[in-house]
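Please have the sequence and the 3D view at hand as you read.

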Amino acid sequence: MSASTQTRYSKVAISLHWLIALMIIGLLIVGFVMGEIDKADPLKYKLYQLHKSFGITVLALSLLRLVWRLTHPAPPLPPDSKRWEKAVAHLTHFGFYALMIGLPLVGWLGVSTSPLKIPTMIFWLFQLPHLPFFQDTPGASHQLFELHETLAYILIGLLALHAGAALKHHFLLKNDVV
């Protein structure tokens with residue numbers, strides 16, 4: 001089906017969207033919770049390992065989603081969409097891809113540069129190696145984790161914008177964008 005006749009996203013695109021979205025919401029919640037837990041609490045280590053495991057999973061699924069998106073065009077926006085709405089929609093989607101790929105990479109870089117050298121166990125099945133070119137960069141870990149947190153806040157803002165636009169299209173405009 002060509003992009004001009006396609007009216008909905010494919011089942012694969014929809015499945016990836018919701019799977020990644022649910023994981024990201026979980027990652028945001030766990031990220032805030034683990035920041036409040038005392039360092040001596042063993043739960044903190046477990047939550048960090050889960051956070052890293054799901055973060056790497058989001059990275060992998062987002063790369064898959066990006067490949068899918070590049071090979072399967074999105075359905076067109078409604079013809080009555082204003083130019084600025086189309087621009088915001090495209091910028092928002094670009095921002096999501098940048099964050100879905102960038103946030104886990106920044107986290108992985110932060111872990112890789114950490115002087116603590118704590119291994120990342122992906123779902124306690126295998127160890128994810130640290131990124132080798134960045135391991136001996138003094139002070140980088142703190143800056144990278146600050147950036148990781150800032151990007152998470154930007155992602156929250158983008159999620160709010162995205163959800164608001166989806167609700168507007170569904171309830172107010174009553175079109176098939178959702």
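A residue is called buried here when its relative accessible area is under 20%. In this predicted model, threonine 92 has a relative accessibility of 7% and therefore counts as buried. Threonine 92 lies in helix α3, and, leaving aside residues up to four places away in sequence, threonine 92 touches Leu158 and Leu161.

**How the helices pack**

Two packed helices are described by the angle between their axes and the distance between the axes. The table gives both values for three pairs.

| Helix pair | Angle between axes | Distance between axes |
|---|---|---|
| α1 and α2 | about 155° | 9 Å |
| α2 and α3 | about 145° | 9 Å |
| α3 and α4 | roughly 155° | within 9 Å |

Let's take the pairs in turn. Helix α1 covers residues 11-36 and helix α2 covers residues 42-71. With an angle of about 155° between them, α1 and α2 are therefore roughly antiparallel to each other. α1 passes α2 in a left-handed crossing. The residues of this α1 and α2 contact comprise 18 nonpolar, seven polar and two charged ones.

For α2 and α3, which pack at about 145°, the crossing is left-handed. On the α2 side, the contact is made by Lys52, Gly55, Ile56, Val58, Leu59, Ser62, Leu63, Arg65, Leu66 and Arg69. On the α3 side, the contributors are Tyr97, Met100, Ile101, Pro104, Leu105, Trp108 and Val111. By class, the contact of α2 with α3 has 12 nonpolar, two polar and three charged residues.

The axes of α3 and α4 cross at roughly 155°, which makes α3 roughly antiparallel to α4. The crossing of α3 and α4 is left-handed. Their contact holds 18 nonpolar, nine polar and two charged residues.

**The nonpolar core**

Which residues have the most contacts inside the largest nonpolar core? They are Ile20, Ile24, Ile56, Val58, Trp108 and Leu155, in a core of 28 residues. At least two residues of this core come from each of α1, α2, α3 (83-113) and α4 (140-172). α3 gives the most, with nine residues.

Isoleucine 20 is found in helix α1. Its relative accessibility is 1%, so isoleucine 20 counts as buried. Not counting residues up to four places away in sequence, isoleucine 20 touches Val58, Leu61, Ser62, Arg65 and Met100. Phenylalanine 134, which is 114 residues from isoleucine 20 in sequence, is 28 Å from isoleucine 20 in space, C-alpha to C-alpha. With the same exclusion of residues up to four places away, isoleucine 56 touches Trp108, Ile122 and Leu128.

Is lysine 44 buried or exposed? Lysine 44 is buried, with a relative accessible area of 12%. This residue lies in helix α2.

Methods. Residues numbered from 1 in each chain as written. Predicted model: local features only at pLDDT ≥ 70, side-chain atom pairs only at ≥ 80, totals over all residues. Heavy atoms only, no water. Axes fitted to C-alpha atoms, helices over the stretch in contact; angles between N-to-C directions. Helix = DSSP H or I, 4+ residues; strand = E, 2+ residues; numbered from the N terminus. Parallel < 35°, antiparallel > 145°, perpendicular 65-115°, else oblique. Left-handed = near helix turned anticlockwise from the far one by under 90°. Nonpolar A, V, L, I, M, F, W, Y, C, P; charged D, E, K, R; others polar. Core = buried A, V, L, I, M, F, W, Y, C linked by side-chain atoms within 4.5 Å. Buried < 20%, exposed > 50% of the residue type's maximum accessible area, 1.4 Å probe, protein only. Contact = heavy atoms within 4.5 Å.
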